[in-house]
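Subject: Structure handover

Hello,

Here is the structure you are taking over. My notes on what was found in it follow below.

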Amino acid sequence: MKPAICLLAAVLPLAAQPKLLINAQVDTRSASAGLEGQFRALLTAQPQPAWIGYSVPSVRNHNLGCDYVRDGFNQPGVVHLEPPDHAVILFRVEASAVDRIRTVSPDCEIDAGNVPFHWLADVQPSQSIALLISLMPQRERLGESPLGAVAMHSDPSADQALERFLGTEQPQSVRLRVVSWMGSARGRHGFDVLKKLISSDPDEKVRERDITSLSSSREPEAFDLMISIARGDPNPRMREQAIGALSRKGGPQAVSTLSKVIESDTDNQVKRRAVTALNQMPDGEGIPLLIQVVKSSQNAEVRKQAMSTLGQSRDPRAVMFFEEVLKK
């Protein structure tokens, strides 16, 4: 085991320090009088480098999962079947400025590297979101990590904060990242935002990312929207994106939609994308339709694409089909 300067008990209040915090020179302060004041005071506290951290209620997101195993395979480990309902927000401070932000699961072992670790209790989620947004002007150093931390907050004010960075005046890279978080982390509100952007945003790359993000959404309407776009969007690139998203979802409706696209879409590139998507579906769902396309499609280019895709699949059904063809 690693020597622990601070290894805390597993049963602690939600606002307490992380339960698996080691190698940390810890001091705990309350932010009940306001997060901003406490945080700014710690920016200049010595010695540095140091870490500042706190916990907030979070969306239940598997990206924050932590399968924790101690020092080697012979030590007991934990597999967390459900994502945590809180997130730990960590700020690394050096030269009196934030130079890194990390958002991690409270189930993870956190090694502070033997530097000062300032833990803030009683943090209000809305104040955490405001603090993180205030760091966005330092994007050249911090990237989109402040927004990524905001996206993990379960507080409704996170939705409004993220939407501010979807405006057309924002850098495209920021908008694309926010679109991804809307699909993966923001539930019903995120789906509603994506649906609106798909129909009206002037940036084609943003609309393409919107469609890709739909495959991460857990809203039932997201699947229906992907089918609708794949079948009838006037823009071939949007149809291709929807086809790719459907291939990741799988299921009989997805297979049926790809079949219709291969049969009736007016754009050969879209048809080829649908053929490739059949081979990308989970559990080989698309293989029987690929074989049928080779047997019956009237489009020689599509048949050739399907044959080539089958050859790459290594699926036993494809091998049997090739053997039958060779015998004939």
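**What was found**

R314 sits in the loop that joins α14 (300-313) and α15 (316-327); helices (H or I, at least four residues) and strands (E, at least two) are DSSP runs, numbered from the N terminus. This is a predicted model, in which local features need pLDDT of at least 70, side-chain atom pairs count only at pLDDT 80 or more, and totals for chains, interfaces and linings use all residues. Residues are numbered from 1 along each chain as its sequence is written, and side-chain values use heavy atoms, with hydrogens and water left out.

R314 has a positive phi, near 60 degrees, although R314 is not a glycine. R314 is exposed, at a relative accessible area of 78%. Here buried means under 20% relative accessible area, exposed over 50%, and partly exposed in between (1.4 Å probe, protein chains only).

**Other backbone points**

N114 is another residue other than glycine with a positive phi, of about 70 degrees. N114 belongs to strand β7 (residues 110-121) and is partly exposed, with a relative accessible area of 43%. For background, most residues other than glycine have a negative phi, and most peptide bonds are trans.

Two cis peptide bonds should be noted. One runs from Q46 to P47, with omega near 0 degrees; the other runs from Q48 to P49, with omega near 5 degrees. P47 is in the loop between α1 (35-43) and β2 (50-57), and P49 lies in the loop between α1 and β2 as well.

**Overall figures**

The protein has 15 helices and 7 strands. Its C-alpha trace spans about 80 × 55 × 30 Å along the principal axes. Of its 328 residues, 49% count as buried. The accessible surface is about 16,100 Å², and 51% of that belongs to carbon and sulfur atoms; accessible areas come from the Shrake-Rupley method with a 1.4 Å probe, and for residues only the protein chains shown count as cover.

Contact means heavy atoms within 4.5 Å. Among contacts with a separation of 6 or more, 65% are between residues 24 or more positions apart.

There are 38 positive and 38 negative charges, and their mean positions are 5 Å apart. Lys and Arg count as positive and Asp and Glu as negative, while His and the chain ends are not counted. The place of a charge is taken as NZ of Lys, CZ of Arg, CG of Asp or CD of Glu.

**Cores**

A nonpolar core is a set of buried Ala, Val, Leu, Ile, Met, Phe, Trp, Tyr and Cys residues joined through side-chain atoms within 4.5 Å. The largest one has 85 residues, and Y54, I89, F91, L147, V178 and L214 have the most contacts inside it. Apart from that core lies another, of 11 residues, including A24, L90, I110 and A112. Leaving aside neighbours within four places in sequence, the residues in contact with I89 include I52, Y54, I101, L132 and H153.

**Helix α9**

Helix α9 (residues 220-232) has 13 residues. From first C-alpha to last it reaches 19 Å, close to the 18 Å expected at 1.5 Å a residue; the expected span is 1.5 Å times one less than the number of residues. Its buried residues are A222, F223, L225, M226, I227, I229 and A230. The cover over them includes α7 (187-200), α8 (204-214), α10 (236-249) and α11 (252-264).

- H118 is in strand β7 and is buried, with a relative accessible area of 7%. Not counting residues up to four places away in sequence, H118 touches D27, L42, A45, A50, W51, I52 and G53. H118 and I52 are 66 residues apart along the chain, yet their C-alpha atoms are separated by 4.7 Å.
- D159 lies in helix α5 (residues 157-163) and counts as buried, at 10% relative accessibility. Beyond residues up to four places away in sequence, D159 touches M182, R186 and H189. D159 and M182 are 23 residues apart in sequence and 8.5 Å apart in space, C-alpha to C-alpha.
- R218 is in the loop between α8 and α9 and is exposed, with a relative accessible area of 66%. R218 touches R60 and H62, again not counting residues up to four places away in sequence.

Regards
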